[in-house]
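The structure I consulted is shown first.

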Amino acid sequence: MSITSEFSQDQLVLVGVGPGDPELLTVAAVRALEAADVVVHPIAYEGAEGMALAIASRWIRPDQRCLPLLFPMVTESQPRIAAWRQAADVLAAEVRSGNRVVLLCEGDVSLFATGSYVQLALRRHHPDVPFVLIPGITSVSAAAAAAAKDSFDFPLAFQQEGLLIRPCPETHAELIALLQSARKTSTVLGLIKLGQRWSWVRAALEQEQLLDRALFAQRVGWPDQWVASAQAVPDDVRPYFSMLLIRQQWPEVLP
Ligand SMILES: C[S@@+](CC[C@H](N)C(=O)[O-])C[C@H]1O[C@@H](n2cnc3c(N)ncnc32)[C@H](O)[C@@H]1O
């Protein structure tokens, strides 16, 4: 039996669906979706469309039941813990009633992902319910690939370099310190959750003379994707689905 067909045997699968382009679901993800009775997907507020569902919709049939689960985007811990617990309870109940279930996650299922919290809640509260994970293409990898289409080469990391993917710092001073430390350690930065911070981040990059060494990527894989040198992006507020890749130096030996 091949690895991909094994996924379609599992009753509960946490699936990374990639950053936007439906062609960037893995074969394993599509197989798991095809085999599912119930497609569970996160939403940020009641009535929201759901990013992961939109990405996977090409691969979902009308006879499959889609079940939205609310994960409020708040900083307080209690509503978040309650949402993870409820998600784990709903998934376990679906599995116990004999359904094959997938939980969709935008991008990769383990990288800054709601899926990771659900994974831990399942393990803690429903240890008898087995599940598997299918990794997805990360938004960071997709951004680097999208840049190359416009002849903007932005390899994420060469042999001796580091790669740090993390949320954009909250203050100018923190960002400057991060940039300086990344420069000293030959570390490429992937700063996610850029959105409204871009309005002041641009000035920090300018101060460090990094505007032409940073790649701005917004809604990668969506029809309105925008991938450009940070130099070309005015200092206004950008959407939540935006990020920066910052490469401050290149290896000495290159083709
Ligand atoms: C909660 S994290 C999810 C990361 C996701 N699990 C992944 O593997 O890429 C959300 C952040 O990832 C970045 N992101 C995710 N998808 C994106 C996309 N299609 N285009 C640009 N940025 C994206 C944005 O910075 C956004 O604020």
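Which polar backbone atom did I find 2.8 Å from a nitrogen atom of the ligand? I found that it belongs to Val 220. I took a polar contact as a pair of N or O atoms within 3.5 Å; within protein, one must be able to donate a hydrogen and the other to accept it, and residues adjacent in sequence count only if both atoms are side-chain atoms.

I note that this is a predicted model, in which local features need pLDDT of at least 70, side-chain atom pairs count only at pLDDT 80 or more, and totals for chains, interfaces and linings use all residues. Residues are numbered from 1 along each chain as its sequence is written, and side-chain values use heavy atoms, with hydrogens and water left out.

Entry: I looked up the backbone partners of ligand oxygen atoms. A backbone N or O atom of Lys 193 lies 2.8 Å from one oxygen atom of the ligand, and a polar backbone atom of Tyr 240 is 2.8 Å from an oxygen atom of the ligand. The protein buries 95% of the 570 Å² that the ligand exposes when taken alone (Shrake-Rupley method, 1.4 Å probe).

Entry: ligand shell. I counted 17 residues around the ligand, the closest being Glu 106, Asp 108, Leu 111, Ser 139 and Ser 242 (a heavy atom within 4 Å). The shell has 9 nonpolar, 4 polar and 4 charged residues. I took Ala, Val, Leu, Ile, Met, Phe, Trp, Tyr, Cys and Pro as nonpolar, Asp, Glu, Lys and Arg as charged, and the others, Gly among them, as polar.

Entry: domains. I recorded domain 1 (3–137) and domain 2 (140–246), with bounds from an automatic or database domain assignment. Their centres, taken over C-alpha atoms, are separated by 28 Å. I found 11 residues of domain 1 in contact with 12 residues of domain 2 (heavy atoms within 4.5 Å). Each domain supplies at least three residues to the shell around the ligand.
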